[in-house]
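Hello,

Here is the structure I promised to pass on. Please have a look, then read my notes below.

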Amino acid sequence: MEVDRADGRNPNQLRPLACSCSILHRAHGSASWSQGDTKVLAAVYGPKAGTKKNENPEKASIEVIWKPRTGQIGKPEKEYEIILKRTLQSICILTINPNTTTSVIIQVVHDDGALLPCAINAACAALVDAGIPMKHLAVAICCCSAESGYCILDPTKLEEQKMKGFAYLVFPNSILSVLPEGSSLVQGEPMEHGIITSVTHGAMSVDDYFHCLERGRAASAKLSDFLRRSLQSKLPGDLSKAE
Amino acid sequence: MCREDGSSEVQLGQTHIMGFVTGQLVQPYRDRPNEGTLSIFTEFSPMADPSFETGRPSESAVELGRIVDRGLRESRAVDTESLCVLAGKLVWAIRIDLHILDNGGNLVDAANIAALASLLTFRRPECSLGGEDDLEVIVHPPEEREPLPLIIHHLPIAVTFGFFSSESLLVIDPTHHEEAVMVGKMTATLNANGDVCAIQKPGGEGVLQSVIMQCLRLASRMASDITKKIKDAVETYNTERALRKIKRHPTSITLDGSVNLKEKLNEPSGHNVVNELSRKHLEKPRLASAENASSPGNNGEGESKSSNFGRSSRRDGATSNFVGGAASWDPYSRGVDSDFLKASLASRGTLTPKKKQQDPTGERKPNESKPEESPGDVIPTTSAMDVSETGVHKGGEKTLKDAVKPKHKRKKKAFSSTADAS
């Protein structure tokens, strides 16, 4: 079923993406990610000695600070911080630098729908920019389902509000392998099909949810390509930077 | 991405600050029933500096907020009486949020510029009285009635100086390295009319009166320079904004036959042309003022070399930066533009965009060559410190170039600042 979106995209089309790295000078790693009008700036300060009280000192810990555009920090921001922290903890290799804290600071520049996925993508790019060891990258996407059962990707703020329910999904980056073994298989399925994080708002039926998952997975391939391209181009120049 | 009303991004050398202005209708203070309120919130984000912590604002954060606040409020730069809607009941409360993204030194000056630029571009919705007894206030959304700008009488610009232990050593616009070793500092807030709005010299080393007077003279020259830059950048933004409104006319007229001013921020239709225009506008005043800044610098010399360093680092980045990104190219809107420009109601920037649109290619070429010309100018006065900084810029620059569209204005900006200092 064809649906008319306000800005003329078809249901499976993402908004134009843009990613820039190393934009801040003091931060060890920084990245700005924008999807259409939603723009998020992420900065990473590399491993600092010591962990907070509740954290496990055997592992590195990640601390996330979320700064909204205006206004005080409230519960929604805290929730985002927790989700982001758990997501990043699952992709970073925590055993390399035990008893250290890596801080990730997210600044919302503009919010036009799909804010959390945008932030996750930005944080991932910033972690790469800082050189924090990771198992693989993560790509996040927002899918929402409407009353009639169709699913659209990457909604704008207006679309998000009109929809019955939406889900933020985070998938691992697809692996581009040099070795002939190809992508690693986990229990018979390619690794990209695993879900790292899923946050849903609103109500949707189980079928709708699985439908969203499939769409999201397909789109995540496009996103990981984009991420790989934008990060790869900075590699040669990276060696000249003294941090 | 379309830059919103009431937001600004300032890059002063390595210092990077964003400002956002929002307005809300509230009850006024009892002792000032006819005036609106202005409040400034400064966020020393841990993003800017590893030593910044979240939670309680540190001393320097509070001081920064107070300096900017004093400059705006006590000099009556913003007209608070015009913010009154219903005396004693409802007034506009303007809230300025300043986010420090990158601490390269001299946060006060940059924060001040960010606050001013965002105040100049902020538009508040128009309200009218209605209902029975004219006591109900109706807030008109931007689609119905054009939102109004704030009335700002003058622009107080803060200029910071750093003093060093040797008597006559004085630096304007200190970087964070200089801030770490300086023994005293002074911030003078003045406007382009030559009025001193505020002076803040918090302790530190004592300095001679003559030095203070010299600082004030320098500051007034800087102030007029910066005021011009801010005004130019705001003009560019207003032009772009007017263009955006005009572009929407063709689509809305064909659809429903009525003229609707829709604030369609999500519209992916081509703003590429406008971006290039606005980018060029920004390039020109930037480079022009780079040349201007060098001449007063040469005249007012008589101080030691370190003031030279400060000045050249200043020249690198002192502008307000407006990012106006486009999603995709829409050839249709370009064709219609010139027709509708003639037919549209007189809005501020109508004449200038028409002129520029007819000659975009011609303008592009001289601008491209300009970044190459200006380095020749700046080379003799550039210090070794700046060269190392540009090394970092260049490394970052390659990555930004490879970013997928939309091209951010920041990229162009970094490039020009690299070109300037190298």
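How many helices and strands does chain A have? Chain A has five helices and eleven strands. Please keep in mind that this is a predicted model.

Some overall figures come next. Chain A has 243 residues, and 56% of them are buried. Its accessible surface comes to about 10,600 Å². Carbon and sulfur atoms hold 54% of that surface. Among contacts in chain A with a separation of 6 or more, 71% are between residues 24 or more positions apart.

Now to the sheet. It is open and has four strands of chain A, in the order 7-6-8-11. The pairing is antiparallel. Strand 7 (151–153) and strand 11 (197–202) of chain A are the edge strands, since each pairs on one side only. From one strand to the next, the twist averages 20°.

Look next at strand 6 (residues 138–145) and strand 8 (residues 165–172) of chain A. Eight bridges join this antiparallel pair. Within it, A:I141 stands opposite A:L169 of strand 8.

Which helices pack on the sheet? Helix 2 (residues 115–130) of chain A does, touching strand 6 and strand 8. The direction of helix 2 makes about 175° with that of strand 6 of chain A. Helix 4 (residues 206–232) of chain A packs on the sheet as well. Helix 4 touches strand 6, strand 7, strand 8 and strand 11 of chain A. Its direction makes about 145° with that of strand 6.

Best wishes

Note on methods. Residues are numbered from 1 along each chain as its sequence is written. Chains are lettered from A and ligands numbered from 1 in the order in which they are written. This is a predicted model: local features need pLDDT of at least 70, side-chain atom pairs count only at pLDDT 80 or more; totals for chains, interfaces and linings use all residues. Side-chain values use heavy atoms; hydrogens and water are left out. Two strands pair if DSSP finds at least two bridges between them. Helices (H or I, at least four residues) and strands (E, at least two) are DSSP runs, numbered from the N terminus. Axes are lines fitted to C-alpha atoms, for helices over the stretch in contact, and angles run from 0 to 180 degrees between N-to-C directions. Contact means heavy atoms within 4.5 Å. Buried means under 20% relative accessible area, exposed over 50%, partly exposed in between (1.4 Å probe, protein chains only). Accessible areas come from the Shrake-Rupley method with a 1.4 Å probe; for residues, only the protein chains shown count as cover.
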